[in-house]
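Biologist: Please show me the structure, and then we can go through some questions about it.

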Amino acid sequence: MEAAQAAGQDTVIESDLVDVASMPLEEVLHADGSALRHALERLAQQRRDPTLVVVASHGNALP
Amino acid sequence: MSEFRWPYVGLNRDRLEADGWRATPFSQFVLKVAQRCNLACQYCFVYTKADQSWRTRPPHMPEPVLRTALDRIAEHVETHALEHVTVILHGGEPMLLGAHRLRDIARAVRAALPASCTSTVSVQTNGVLLDEAALDVLSTAGVRIGVSVDGDEQTHNGRRPFHHGGGSHAATTRALRLLAEPKYRAMFAGVLCTVDPKSDPLSCYDALRATGATTIDLLLPHATWDDPPAGRAGAAFGQWLARIFDAWYEQPGDVRVRLLDDIILQILGGAGSSEQVGVSPVAVVVVESDGAIEQVDSLKAAYSGAADTGLHVDHDPFDAALRHPGVLARQIGLRALSRQCRSCAVVDACGGGHYVHRYSADAGFANPSVYCEDLLHLITHIKARVTADLDAATAP
């Protein structure tokens, strides 16, 4: 599609998601106050509770 | 015309259900309690884009419409045994109703819900009418406040003027100072900033940090392939956001920048909670001031009637909206994305971007985002930094 071509999306990207499945997350979790730690905490929470349904909230209103 | 494009054709609900897919109940209800606004923001998707339906709707949501909408929310809660819902009082500018009316609505929300369901009631405001007296009133109903502010004074005033042309920064800042005070801090949900790539990102970020908000949302201005954003050449939006990412990421603290935080989480394989990126199901439904049940209001930027469902709180339960193709399309994850997106390496973190940004008249919503280049730049930038830090932290 012309519009998509305009976005330059024919770029080939080699890597996919970062594989954290085998990483010792606890070590990173000690990085105090970091954005990465916060994300890893949320990731750990999602792993602990597989029934947790994360929904996307309204983009123009903070819940 | 767009009713003949995806998702209005080509989406097979029966097949999805046969594959095990199930609808996600709505848990966030946006009530358009006010249809007008006291500001004239340059980029507003309600007033400056394709859909002008605000002109024909009641300026304020009438009491009978409100009562019926709340009954419908309670019905949805009971049908799906929901334990928590969020109700957002939105506009236009909701503070045009006055704090007492908003307090009464918040109380009515809680009174309508069954005891088994807790609720968060929030107001999304430009802050102009938010003074101490208003906050005192709203605090009695436990209302949370999100404030829209576009960073530093010069940028904000240029983009968020009053109708007479004067800037609104001083009035908004006054409200933000109040919300940062200990007395009101618990009410402060955070700030929203619409990205202006012509502005200095670090000046913007510093101004947002200075508000004392613990949650910052950065929004790409709503645009489509047919109405593309000005100044996006060279991934200008992505580069602007990447500079804020670096500043935020390197600065220890507890401020959450939702868009960036969600991208990190999704790069790591988690599920995000932002409508702008990722493939988490969108569980938001809108009730307009006339009682119409609509899809997310940002769709108004696509074409006239784009948010319509044809449903109304007088006649229809919210479950009927769960069967609407436009709602369905936002709950099926990767299956909703264009072939180009599905073959992209960053698709899990990007999710095709915001739904409305994918729109073109020729292909409906089955496109990559009009911000594709920007999202690719931002996500690959974030991924490189996160990967390096993870490698360093986990090295033997």
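Modeller: Contact means heavy atoms within 4.5 Å. This is a predicted model, where local features need pLDDT of at least 70, side-chain atom pairs count only at pLDDT 80 or more, and totals for chains, interfaces and linings use all residues. Residues are numbered from 1 along each chain as its sequence is written, chains are lettered from A in the order in which they are written, and side-chain values use heavy atoms, with hydrogens and water left out.

Biologist: Leaving aside neighbours within four places in sequence, which residues is B:C204 in contact with?

Modeller: B:C204 lies in helix α7 of chain B, residues 201-210. Helices are DSSP runs of H or I of at least four residues, strands are runs of E of at least two, and both are numbered from the N terminus. With neighbours within four places set aside, the contacts of B:C204 are B:G151, B:D152, B:C193 and B:W240.

Biologist: Does B:C204 count as buried or exposed?

Modeller: Buried means under 20% relative accessible area, exposed over 50%, and partly exposed in between, with a 1.4 Å probe and protein chains only. B:C204 has 2% relative accessibility, so this residue counts as buried.

Biologist: How many charged residues are in the lining of the largest pocket?

Modeller: A pocket is found on a 1 Å grid over the protein atoms alone, as an open set of points where a 1.4 Å probe fits, with protein on both sides within 12 Å along at least five of seven lines; lining residues have an atom within 4 Å of a point. Of the 34 lining residues, the closest to the centre are A:V53, A:V54, A:V55, B:S27 and B:S273. Asp, Glu, Lys and Arg count as charged, Ala, Val, Leu, Ile, Met, Phe, Trp, Tyr, Cys and Pro as nonpolar, and the others, Gly among them, as polar. The lining divides into 16 nonpolar, 13 polar and, as charged residues, 5.

Biologist: What percentage of the residues of chain A count as buried?

Modeller: Chain A has 3 helices and 0 strands. Of its 63 residues, the buried share is 44%.
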